[in-house]
Amino acid sequence: RTRRTQVVDIAHPRPGERVWPFVQGMVQRVGYRMWVAPDAERGIAVVVDTPNDNGTPSYVLLRREVANGGGEYEGNILSGGETINTRAAPTEVTVFSGTARGSQVSARTRATTANAAILDPLITRGLVLDPPPTQPRYLRSPRSRTPQRAAQDGANTILDAMASFRVYECAVRGHGQTVDGARRLYALNTIARVRDDVCLDGQGRPLDEDMLITGIRFRRSREAGTTTTLTLVPRGALALTPTET
């Protein structure tokens, strides 16, 4: 990849700041996300990367109604459901910022960013009022020193809220699928094609789209056997806007 030219002007934590939120704020400013994943050699690894929104589906998750089957379904989904949470999703975010300490000229600015995703029927699947009830959010960002940086903080706040806006969770048999003739475990930051005839939208259409895997829980018991619980979000829900140079 080409080297990013953004300058990290804040590289030291303040007293009382915790490591994870501080580092996460640094990587978000250049358009990355950070999460924890298993590693074969080290046990646990911290991954800094972009969401795999442009990748091709590696898995297929299916629960399709059988024609003339009397309400029976076929596929590898044992159970699952979709959750829509509008409580944490603001309609707009206003971020207040100021100049750095010691600057010759003191200035205070504010930047307001609208949440366009909450008006997109492809994201809401017609299950949210149009227009939605007004739900503004106001933040103060001590790290933002320009209106552009404050607007980016507002956009990232919206994206963090929309990451949990529509979540699909399902349980499937086994810990992986056969991909291109080889057995492959379910992995984070990969795309799966989801078709679930039980999850219907506002017009009665089933869930049928590519989704990004953000959570995995492997389980094995005598009662249920070998199963995996997957958490997925719509493609593009975790994309971040990097700071412009």
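How far is the sulfur of Cys170 from the closest cysteine sulfur? Select Cys170 and Cys199: the gap is 9.2 Å, too far for a bond. A disulfide here is a pair of cysteine sulfur atoms within 2.5 Å, and by this rule the count comes to 0. Cys170 has 2% relative accessibility and counts as buried; Cys199, at 8%, counts as buried too. (Buried is under 20% relative accessible area, exposed over 50%, partly exposed in between, with a 1.4 Å probe and protein chains only.)

A word on what you're looking at: this is a predicted model, where local features need pLDDT of at least 70 and side-chain atom pairs count only at pLDDT 80 or more, while totals for chains, interfaces and linings use all residues. Residues are numbered from 1 along each chain as its sequence is written, and side-chain values use heavy atoms, leaving out hydrogens and water.

Next, pick helix α1, residues 19-29. (Helices are DSSP runs of H or I, at least four residues; strands are runs of E, at least two; both are numbered from the N terminus.) Its buried residues are Phe22, Val27, Gln28 and Arg29. Show β1 (33-39), β2 (43-49) and α3 (147-162) as well: they are among what covers those buried residues.

Ile44 is exposed, with a relative accessible area of 57%.

Notes. Contact = heavy atoms within 4.5 Å.
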